[in-house]
Amino acid sequence: MTTLTSTPPAAEAGLSIQQPRLPGCAPVGTAVASVLAAGLLGLALGWGLVLVAVAAAVVNLAVLQGWSRAVESRRVAVDRLVTTLVWYALLVALVPLGSLVWTVWDKGHGVISGQFFTYSMRNVVGEGGGIYHAIMGTLLITAATAVVSIPIGILAAIYLVEYGGRSPVGRTITFLVDVMTGIPSIVAGLFAYALFALIFGPGIRMGFGGAIALSLLMVPVVVRSTEEMLKLVPTELREASYALGVAKWRTVVSVVLPTAMAGIITGVFIALARVIGETAPLLIIAGSTDSSNFNLFSDSRMMTLPVFIYYSLTQPGVPPEFGVARAWGAALVLIIIVMTLNLLARLAGRLFAPKMGR
């Protein structure tokens, strides 16, 4: 029995049917070579760091593009060009972020100690003291903000997506959410102060008032993020549930919410990280104090980390260097808390993501 095989014309002619490609290490190699070349040129001509970086970027782009166009196709060369520009944009964006984190760490890590986390500023003048009262105030107000904002935001998003998104009430809610998204934070503080002043009288300072002010900023973020996650749930899942005779509310609870839970939790954590650093609303309604206050509903001031940083820089005391150092230390702690919330958001997104079957 004879087996017939066909050989491609390109193979008969000894030609490769695969497009030539650059080595996998080509982008990294050209980048390293460009940095070395620009560095040597900068040393010879006395250039600064910024000029050396610009020269290295231009040389790397030119060399990689020339090499790619000589070996690969035009389409691949354009793809490498866009990819390189995206990497440049990322590096440019990381420069101010890295500078900020390094500056806060350099000026703030020196005051970090056990005393800094366990002492308040009560009866402290000059050296010493800590941010215990500010940390507890921040945690309590943020927790109260979450208790108020998360149910309202999630329920509003469920109504908009699953029930009345196109109704007059739904359109009104959407409009109000859009307006609340753009209001300045100080306006939220003024609103909370005016509301509590009408109830308790002028001059009111209350931790729960700060939670209400922050809720005005957090609710729109929760609504928008939850709404987008619910829209990503395939309609086929809802229709399959309805076909089995499941009620709409049970479909939402048992099918829609579990499917979108990872994105919802991620949006909630991001919203918390967004409001935990607000200063203006808390300056107005929560006030400032050197003592610890654990009662959100008492008619007394409650310190938070952003307000502590503000007053430590604007009113550092005598001598001022200790107050300024405490401000940098509190800023470092606040950055760590925000970064922790973002990491928890990523972790929650992975833990609660729907399990995909084979």
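A residue counts as partly exposed when its relative accessible area lies between the buried limit of under 20% and the exposed limit of over 50%. In this predicted model, R69 has a relative accessibility of 46% and is therefore partly exposed. R69 belongs to helix α3, which spans residues 49-71. Leaving aside residues up to four places away in sequence, R69 touches R74, A77 and V78. D299 lies 230 residues from R69 in sequence. In space, the two C-alpha atoms are 72 Å apart.

The backbone of N123 has a phi near 60°. That value is positive, in a residue other than glycine.

Helix α6 covers residues 132-163 and contains T145. T145 has 0% relative accessibility and is therefore buried. Beyond residues up to four places away in sequence, the contacts of T145 are A211, L214, S215 and M218.

Helix α9 (residues 207-231) packs against α6. The crossing of α6 with α9 is right-handed. By class, 20 residues of this contact are nonpolar, seven are polar and two are charged.

Helix α9 also packs with helix α11, residues 248-275. Here the axes are 8 Å apart and the angle is about 150°. Angles over 145 degrees count as roughly antiparallel. Helices α9 and α11 are therefore roughly antiparallel to each other. Their crossing is right-handed. On the α9 side, the contact is made by L214, L217, M218, V221, V222, S225, T226, M229 and L230. On the α11 side, the residues are V256, L257, A260, G263, I264, G267, V268, A271, L272, R274 and V275. The contact of α9 with α11 divides into 15 nonpolar residues, four polar and one charged. L214 and M218 of α9, which take part in this contact, also touch T145.

A further helix pair is formed by α13 (residues 305-314) and α14 (residues 320-351). Their axes come within 8 Å and cross at roughly 155°. This angle makes α13 roughly antiparallel to α14. The crossing of α13 and α14 is left-handed. Helix α13 contributes L305, P306, F308, I309, S312 and L313 to the contact. Helix α14 contributes G323, V324, R326, A327, A330, A331, V333, L334 and I337. Of the residues in the contact of α13 with α14, twelve are nonpolar, two polar and one charged.

Aromatic side chains were also examined. The structure holds six aromatic pairs. One of them joins Y310 and Y311, whose ring centres are 5.3 Å apart. The planes of these rings stand at 75°, so the pair is edge-to-face. Y310 has a relative accessible area of 38% and is partly exposed. Y311 is partly exposed too, at 26%. Elsewhere, F196, F200, F208 and F297 form one aromatic cluster.

Conventions. Residues numbered from 1 in each chain as written. Predicted model: local features only at pLDDT ≥ 70, side-chain atom pairs only at ≥ 80, totals over all residues. Heavy atoms only, no water. Axes fitted to C-alpha atoms, helices over the stretch in contact; angles between N-to-C directions. Helix = DSSP H or I, 4+ residues; strand = E, 2+ residues; numbered from the N terminus. Parallel < 35°, antiparallel > 145°, perpendicular 65-115°, else oblique. Left-handed = near helix turned anticlockwise from the far one by under 90°. Contact = heavy atoms within 4.5 Å. Nonpolar A, V, L, I, M, F, W, Y, C, P; charged D, E, K, R; others polar. Buried < 20%, exposed > 50% of the residue type's maximum accessible area, 1.4 Å probe, protein only. Phe/Tyr/Trp six-rings, centres within 6.5 Å; stacked < 30°, edge-to-face > 60°.
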